[in-house]
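Open the model in your viewer and keep the sequence panel beside it. We will go from stop to stop, with something to select at each one.

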Amino acid sequence: MDDDVKPWSVTASRITYEDRWIRLRSDDCITADGIVVAPFHVLDYPDWINVVPVMPDGRVLLTREYRHGRGEIVLGLVSGGVEPGDTDAGDIDTGDTGLAAARRELREETGYEASTFVRLLTSYPNAASQSNMVTSWLALGLNRAGEPRFDPGEKVGLLFADLAAVLGDIKSGAVIMQSMHVAALYAAESWLRGRATEGLK
C-alpha cells in the first residue's frame, strides 16, 4: 500500500440539490498536499442492488428497459435502490436491507419470487463522485407469483437467455450493458461453474 495517499479534508459541505431520486452534495476540500478543491460535487444515491435470476433450466431472466440517459432500450438485470421500507424492515429471514430490496425488486419487476438468494459481490458504482455501493445477488428457485407491479413511468420487458450466450454477446460487443450488470453476470457465471464443479466431485 502507498502511505503517501491520504484522504482529503472537508472544510465545508452543503446540499445543493435534493429530490426523491438523488441528493447532490457540494464539498469544499483540501488535499493532503494543501491543494484546494472546491466545490467537489458528490452524488449521494441510496445503495443499489442487482439481481441475476436463474431459472430451473439454467436460463437467466434479463430485463429490457428504456434508459433515458442513453435514450435507448437496454438489456440488463433486475435492479433498483434500497428504499426506506427495506431499511425499516430488513429481510424477513436475515434483517439484510439489501436482500429485502432484492426480493422486492424481483417481485415488482418480473412477478417472480425466489427461494434462495446468494450474495455475489459488493462494489462501488463510481467511488470518485458517488457515495453508494451496489450489491449483486443470484436468485435461485424461481416461481411465478403474479404479475409485475411497475412504478409509475416504468415498463420492463423480460427475456429468458442462455448465460454463456449473453456473456459471449457482451464480449463481442453485440450487447452493451451497464457495467455493474456485466460484473454481476460474470460473478454469477463463476459461482454457477463452481457449483457445477463441486457436483462432479
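Start by selecting T31: at 15% relative accessibility, T31 counts as buried (buried means under 20% relative accessible area, exposed over 50%, and partly exposed in between, with a 1.4 Å probe and protein chains only). T31 sits in the loop between β2 (23–30) and β3 (36–43); helices here are DSSP runs of H or I with at least four residues, strands are runs of E with at least two, and both are numbered from the N terminus. Leaving aside neighbours within four places in sequence, show what touches T31: W8 and V37 are in contact with T31, where contact means heavy atoms within 4.5 Å.

A word on what you are looking at: this is a predicted model, in which local features need pLDDT of at least 70, side-chain atom pairs count only at pLDDT 80 or more, and totals for chains, interfaces and linings use all residues. Residues are numbered from 1 along each chain as its sequence is written, and side-chain values use heavy atoms, with hydrogens and water left out.

**The whole chain**

Zoom out and switch to cartoon. The chain has 4 helices and 10 strands, and from the N terminus on they run β-β-β-β-β-β-β-α-α-β-β-β-α-α. Along its principal axes, the C-alpha trace spans about 60 × 40 × 40 Å. Of the 201 residues in the chain, 37% are buried. Take the contacts between residues at least 6 apart in sequence: 56% of them join residues at least 24 apart.

**Two domains**

Colour 9–44 and 48–199 separately; these are domain 1 and domain 2 in the domain assignment of the chain, with bounds that come from an automatic or database assignment. The C-alpha centres of domain 1 and domain 2 lie 31 Å apart. Now look at where they meet: 5 residues of domain 1 are in contact with 4 residues of domain 2.

The area buried between the two domains is about 350 Å², and carbon and sulfur atoms give 49% of that. Buried area is the accessible area (1.4 Å probe) that two parts lose on being put together, summed over both. Select F40, L43 and D44 in domain 1: they lose the most area to domain 2, together 72% of what that side buries.

Which kinds of pairing cross between domain 1 and domain 2? There are 3 residue pairs in polar contact, both residues at pLDDT 80 or more, and 0 salt bridges by the rule. A polar contact is a pair of N or O atoms within 3.5 Å; within protein, one must be able to donate a hydrogen and the other to accept it, and residues adjacent in sequence count only if both atoms are side-chain atoms. A salt bridge is a side-chain nitrogen of Lys or Arg within 4 Å of a carboxyl oxygen of Asp or Glu.

**Salt bridges**

Side chains of opposite charge can pair when their charged atoms come close. By the salt-bridge rule, the count comes to 15.

- Select D44 and R23, whose side chains meet in a salt bridge (3.3 Å, N to O). D44 lies in the loop between β3 and β4 (48–53) and R23 in strand β2, so the pair ties together parts that are 21 residues apart in sequence. D44 is buried, with a relative accessible area of 11%, while R23 is partly exposed at 33%.
- Select R104 and E83, which form a salt bridge (3.6 Å, N to O). R104 lies in helix α2 (residues 97–110) and E83 in the loop between β7 (78–81) and α1 (84–89), so this pair ties together parts 21 residues apart in sequence. R104 is buried, at 16%, and E83 is partly exposed, at 34%.
- Select R119 and D96, another salt bridge (2.5 Å, N to O). R119 lies in strand β8 (residues 112–123) and D96 in the loop between α1 and α2, so the pair ties together parts that are 23 residues apart in sequence.

**Last stop: helix α3**

Select residues 163–172. Which residues of α3 are buried? L163, V166, L167 and I170 are. Turn the view to look down the axis of α3: the buried residues fall within an arc of 95°, so they line one face of the helix (the arc is that of the directions from the helix axis to the C-beta atoms). On the other side of α3, A164 and S172 are exposed.

Finally, check both ends. At the start of α3, a side-chain oxygen of D162 reaches to within 3.2 Å of the backbone nitrogen of A164. After α3 comes G173, whose phi is positive, near 90°.
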